[in-house]
Each structure stands twice: as structure tokens, then as C-alpha cells.
Amino acid sequence: MSQMMDKSAESPDEDRVSLKSTGKTPTHGAVKETLGMIQTLRKSFRRATEKSPLASGGKGSKVTPETEADSTELGSQTPRSPSPSSGSPKNSPLKRIGSFFPKKEEDDTDGASQKHLKRSKTDPNMARFDTIMRKGASFRQSLRLGSNKKNKTCREEALVLSEEKKEGKEEEEEEEEEVCEEVEESYTLPELPHTPLSVMQINKLIEMEVLEEAHLNLLAMRHEFQQECERCGEDSPMELAKKEKDLNLLYGELRNKVNTIVRNSNSLPSRNKGLLVLVARIIQEEERRAEEPGGLPSSWMEAWSEAVAEGVRVKVEHVHLEQMEQNKSWLAVHLGLLGKAIVDDLESVKRDLRWSYPPSFKVFSTYVESYHRVVGRHLKKVEQQATEQKDLYALLDWIINRYKSERIMGSLSLQPDMKDESADLKLEDDFLQQLKDKYCCRVKEDMRLSLVRVTELENEDVWRDSKPPKKDEEFLSSPFHMDIWTKVKGNVQNSGLIDAQLEQKVIISCFEELKQFPKRFEAEFRRRCSALRPQPLWTEYQITYINSFTALQQHMEEYRDACPGGEEGFRKEVKWLIVRLIQDLEDQFKEDVKPYLRRMMTRKWMTDDDDFKQLHRRTEQLSEHCALIRPPHVQGFASRLHYHVVKEYIGQLMKSNYSCKNRKHEKAASKIRGQWGALRDLFVDMESSHEWLYPVGDDLSDIITQKNKADIKNHLQPLVEHYPDFSKKHLVAVLYFRGVLRGREHQLILRRLAELKRKQGSADGHKSRVLFGDMQVTVNTDCLSNLPLSCLSFLLPDN
């Protein structure tokens, strides 16, 4: 570390500056809050400025350096200054302000420099240094307004305060106006000392925040260095290198101190804000001298902006952030507190802080830009901790909606300063897209977990204890379709508040999981409830899930336009699930009635009604089940079973199991008509769409009931018209049941059928109405054995 500098016998040249205009430098923050001595200081500052012969210059002028020729003659001249007394340490307004600011309690950079800088006991500037330090200490003591010590300084300040109060309200109003008065862009640089203080002394001034005196001595030291460089040329002696090293060290300390003051300016008490006036002037002066040797190579304005951003970062990092384990709403709470901290800080900048800087610093804009960048980086770190869907949504909503809203950057308290400022966060290029993708993945995963939970709840509430399902508007239904729909609708609506692109992705994510749900649910249902088959409870469960999945598919239709592919895929899966469930119901019913239908049109049937009663009871249960099925599946279900019962009931006539003899055909016809009417009424109640099946029982009864065989041929036409697929083999089977086995009348009846079929011709076009064509016909070999060979040709299928 450098030793104390030896001073040359000759007085160094001093910097000379020309002032275009003189502006007032209002002292805000701590200066306002001091007592009478500070107010007296302000008045003397104004008087000194008003007396300055340069005070009439144009506003906004900058300090400009003299030519090098003038600088070399400085040793024999007295430097120009704003007023005759402004160059002296006692009367310079900026010196008085700088020398009375208090020392900070802590500074990270001071400790290291103290280890290397030493004070010279023989320094001729020690008296001047002690005077500066005493003034600084006195002023710092005057700022300790909250202290409980009743020292002599406080008593003196109280006396001064009481005298100042006598000046009346006009002086107070003037002081208040000064607080909001903007700092002039131009300024007057005080005279540089003829002999700068030692390195140790300058460092001490920086440490004690006597910034103006420290900077002026540093400029004087820098001027000496420049003169020595010019004298030495390219030959650089050790002393010159040593002085350059000292300059770099001191400038580094000064910048660290300036950065610390700027960083803490909006966090520490108001006493620190008064230093910002001097900080701004130091930055301006160093920016003006940036090309001169001896200073720091990097920009002071950039360093100031970085210090502002560092202060903002500290503010943001200190916003309370709980752990997810402590509070489920940890991120939402943190973002709310963060928004409030941003608004409060920018209000403080707008209200107080910006008045300590010249307009060129654009203080409010710099703080706003710093918040955009710092908050963007902070959210990147917070996002890594967010794993839940609600937390990711809160983050997206805060970034896209809340940050720019009237709650934060659009706050009324920040207007109109925010009118020309951007309200957008500075985020990494792909951060927002990655966040949206992460949110969609989380939506998909949560959707899958929700669907798994739906199946688990169905097992816990219904299947495990074999509880009967509940009814909704007289239809069996499970509420899970509403739960799923509500879940999807909430996800879609919330994402739509972010943007349309996210809404589209969320819909797709939901359908990707919904598409897998029907098969998974069906597999779990069959695994847990297969033991109930063929109990009525099994049928009720099937009807329940036919209704529930139908309702769910109808809910999802509202997203057909938004996601046609996803909706179609889900609809197909639901359709095939419902088809399988309905097919199970149909197969179960067919299996139940199969033994009863098989015994129709037999000898037992003629004398016993038990089989038909069982058939009727099962069909009644079917009708009751149909009443529990929601449209549109109920009509198709009832119609298919209606066709099955008709085909199987009438089909027994085609099997030639029984022939009515001894005039039993009338009883058989009456029985068929009565049973057919009972079955027809049930299917009418079920709203079967196969009305064309209703006449077949009556048409056949009319044929069977005829007393005279010759009259049968007169009752064939209705049957042929209603059922074009009724053929000769079917008629032969009906005649066998009637007891007409052979003879001339038998052949006449068959001929009549052939005539009717020829006349009908194109009536075979009703291919959708196939009844007899699906029936199996059994030829009775006993009756054929008594017929001549020529008669067999009438019974061949081709005839």
C-alpha cells in the first residue's frame, strides 16, 4: 500500500473552470431535517449564489475545462470562483454541505483500504484536515435528532432554532418549496486546494463521507499527476507510478462509497439522501473528465445505474418469502408483497429521491428500468421453486396481468411519471414460453390425478359397499361428470385470462388426459364389480355410467371449435364405452329371456302361461331400466331389444315344433294375439322406433285363426305388404302350425302368395325392414314323406 505523498516545494497548478451559469443546489433529505444551524447554512448558501458574478448565466450549462495553455499558467494566477469567498474551506457552500454529512455506521470497502493507508505525522496539511474533520463531526452530531444525549451542541442548536422560528411562516413556506425544487443541471466547481491532502487524509474524508473535500483534493492530486506526466514524458519514474497507484486506490474507494450511498439512498433514513446532491456533482465532474488521465476507466454514470439496480435488488430480495411447507399460498403472498414494495419504493423515488439529482440523471426512469430487470431475474429464481399448478398460474397472472395493472406499474400514485415509461418486465427471451409449457404440463398431470381420484371416489362411495346409485332428475347418474367438467372449465377459463395461446394449450392438455379416462374407468369398474353380475345392481351401475359419460361428452362439446381434434378423440372413446355398456345390457337381457322364448309355440305353451309371464316380467324390467336411461341412447336400446323379442317370438313358428290339430288353432291364434298385445304395449312405453313390427302378430293371428282353410289365402296380403321378406318357406311353416299340412288348399294358398309377391315387385326395396329373412326355418320331414316328389319343388327356397 502507498505511503503518504511528499509535497513539492512549488505550489501545484489548480484546475480552472469556466461557468456558463450558476444553479442552486438544494440540499434535501437530511439537510431539511436539521435544526437552526442547517437553515442558517441554506440561507448563506443562497446569499453566496446570489452574490456570484456568474449567477446570471444560462440555465443548464455544464462545467467546461480551460485550455491546457491556461492550465500551465495557473501557478501565478488566482483561480476564478463563483464568489470571492467560495474557494475557501470555510465559505464554500458545497464544501460546507459535504463536510457536515454524518459518517455511515458500516461500509464494506473502508476496512480493506485502512490496512494500507497511513497518516503522516509531519504533513503540513494536518491542520486543514483537522478543521475539515471537526466541521464534519459537528454537522454529524447535529443530525442525531433522535438521540437522548443533551450535549452542548444540541443546546446551541435549540437556541438557534428558537431564533429562526421568529422569522415566521414565510420562511417555512420557502423551505417547503425548496424541497420539491429540482436540482440545477449546471454547477460551480469550487477551487481546488493548492496542495492536496495526503492519501491517508483523503481516504479518511471518503470514509467519513466528507465527499466534496475528498473529491476536490483528489482532483488536485490528479492535476499534479497530469502535470508530472507532461514533464516526465515517456520516462515514468517510480514516484509517478506510485502516485498513479494511489489515485486508482482513492478513486476506487470514492466510487465504492458513492455506490454504497446510492444503493442505500432509498432504504436508509433521510440523512443519507442529502449526500446525493454531492454524489451527483461528483459523477457529473468525473464524466466530464473521463478522457483525462488519472481517473477510472469505466463510466461513473454506468456505475451509478448499477448501484441503483443493486439497491433495487436488495429491496426485492428482502421481500418476505415463506417456504411452501409453511404456507400453501406462499407464492401468491410473496407476489402481493413484492408488488406493494415496488409501488412504495417508486413512490418514494418520485416524492423525494429524484429531487436530489439533476434532470439528466432521469432518476425515476432509471429506477423503473432497474425494477423491470431485477424483478425479471428474481422471478426466474422463484419459478424454479414453483411446482404446483396454482403457484405457476399465480406467477403467470402476476407477470402478464398484475405487473402492468393499476396495482403496480399502472398505479395512480405513479402517474403521470409512468406515462412515457414502459410497464413491461425484462425477461429472458424464452422464460415466459417455458413457464407456459411448464404450466400446461402441470395442468395435464393434475388432470390425470383428478381423473384417478374420480375412480377412487366412485369405489369408496359406491362399489366397495355395493350401494345403489343415485338419481338425478329421475335418471340414474353419478356426479363425477360435473366434477370433471368443472375442473376442465376452471382450467380453460383461468388460462384464457392469461392469453388465447395458453388457453388453447390447456384445452389440448385436458383432452389428452380425458381421452384415456373412459377405458381406465371401465377397466377399474369391471375389475371391482364383476362379481355383481348378473344382479340388478350391475345393470343399474351400467345405466349410471351410460348416462354419466353421455353427459360428460355433451359438456365437452363446447370445446369442439377450440380443439376439434381433441374433442373428436374423446367423443369416440366415450361412444365406444357406451356401446360396450349397452351391449352388455342387451346381452344380459337376451340371455335372461332366451329360455322363455325358446318354449313359445310348443305344446306346453298351449297349456301353460308361466314361460310367457317370465318373458313379460323381464321385459317389464327392461322397460323400467329404459326409463332410467337418458336420451339419446334409450330409444336405440329399446328398439334393438324390441326387434330381438319379435324375431325370437315369431321365429318359434318357423321351427315347426307344434301343429294345431282338432281345431286348436283358434285357441292358439287368440293366445298369440293376447300375448302380442301385451308385449307391444311394453315396447310402446319404451318408445321403440320400430313401429313397423307391431302388426306382425295380428297378421299371423288372422291367418292361423281362420276356420276354413280356403279363407287363409284371402288374409295373406296384409302380411306380404307389411313384411316383403315373408317368403314361401315361412308360409309353409305357418301353415304347419295351423295344421294345413297338405292337399289342394295348401297348394292354392302357396300360389296366392306367389301372385302377391309378383304384384308387389319393387316392394323388396325395404331392405331396412328385414324380419323374416333373419329367422331360421325348420322343415318338418314327417309331412314331406307323404307328398309326391313333384310337390317338393314348391318347398325349395328358389321357388
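Predicted model: local features only at pLDDT ≥ 70, side-chain atom pairs only at ≥ 80, totals over all residues.
**Stop 1: the whole chain**

Zoom out and colour by secondary structure. The chain has 31 helices and four strands. Of its 799 residues, 50% are buried. If you draw the contacts between residues at least 6 apart in sequence, 82% of them join residues at least 24 apart.

**Stop 2: the loop around Glu473**

Go back to Glu473, which sits in the loop between β3 (471–472) and β4 (475–476). Check its backbone: phi is near 60°, a positive value in a residue other than glycine.

Now select Lys362, where phi is near 45° and again positive in a non-glycine residue. Lys362 belongs to the loop between α14 (330–351) and α15. With a relative accessibility of 56%, Lys362 counts as exposed, because the cut-off for that class is over 50%.

**Stop 3: two cis peptide bonds**

Stay with the backbone and show Gln415 and Pro416. The peptide bond from Gln415 to Pro416 is cis, with omega near 0°. Pro416 is in the loop between α16 (389–402) and α17.

Next, show Pro631 and Pro632, which are joined by a cis peptide bond with omega of about 10°. Here the loop that holds Pro632 runs between α24 (610–626) and α25 (633–651). As background for these two stops, most residues other than glycine have a negative phi, and most peptide bonds are trans.

**Stop 4: into the nonpolar core**

Which residues have the most contacts inside the largest nonpolar core? Select Trp398, Tyr649 and Phe772. The core they belong to has 183 residues. Its largest share, eleven residues, comes from helix α22 (residues 564–598).

Centre on Tyr649 and show what surrounds it. Leaving out residues up to four places away in sequence, Tyr649 touches Leu597, Met600, Met601, Trp605, Phe612, Lys671, Ile672, Gln675, Trp676 and Leu679.

Then move to Val375 in helix α15 (residues 363–385). Val375 is buried, with a relative accessible area of 0%. Beyond its neighbours up to four places away in sequence, Val375 touches Trp398, along with Val316, Leu338, Ile342, Tyr403 and Leu425.

**Stop 5: α17 against α19**

Show helix α17 (residues 431–463) together with α19; their axes come within 9 Å and cross at roughly 30°. That angle makes α17 roughly parallel to α19, and the crossing is right-handed.

To see the contact, display the side chains on both helices. From α17 come Gln433, Lys436, Asp437, Tyr439, Cys440, Val443, Lys444, Met447, Arg448 and Leu451, which meet Gln501, Leu502, Lys505, Val506, Ser509, Cys510, Glu512, Glu513 and Leu514 of α19. Colour them by class and you will find nine nonpolar, three polar and seven charged residues.

Pick out one of these, Glu513, in helix α19 (residues 500–514). Is Glu513 buried or exposed? At 5% relative accessibility, Glu513 counts as buried. Apart from neighbours within four places in sequence, Glu513 is in contact with Lys444, Met447, Arg448, Leu451 and Arg520.

**Stop 6: α11 against α13**

Select helix α11 (residues 238–264) and helix α13 (residues 300–317), which pack at an angle of about 40° with their axes 8 Å apart. This makes α11 oblique to α13, and α11 passes α13 in a right-handed crossing.

On the α11 side, show Tyr251, Leu254, Arg255, Val258, Asn259, Val262 and Arg263; on the α13 side, show Trp300, Ala303, Trp304, Ala307, Val308, Glu310 and Gly311. By class, this contact has nine nonpolar, two polar and three charged residues.

**Stop 7: α9 against α10**

Finish with helix α9 (residues 199–207) and helix α10 (residues 211–232). Their axes come within 8 Å and cross at roughly 150°, and α9 passes α10 in a left-handed crossing.

The contact is built from Val199, Ile202, Leu205 and Ile206 of α9 with Leu211, Glu213, Ala214, Asn217, Leu218 and Met221 of α10. These residues divide into eight nonpolar, one polar and one charged.

How values were computed. Residues numbered from 1 in each chain as written. Heavy atoms only, no water. Core = buried A, V, L, I, M, F, W, Y, C linked by side-chain atoms within 4.5 Å. Buried < 20%, exposed > 50% of the residue type's maximum accessible area, 1.4 Å probe, protein only. Helix = DSSP H or I, 4+ residues; strand = E, 2+ residues; numbered from the N terminus. Contact = heavy atoms within 4.5 Å. Axes fitted to C-alpha atoms, helices over the stretch in contact; angles between N-to-C directions. Left-handed = near helix turned anticlockwise from the far one by under 90°. Nonpolar A, V, L, I, M, F, W, Y, C, P; charged D, E, K, R; others polar. Parallel < 35°, antiparallel > 145°, perpendicular 65-115°, else oblique.
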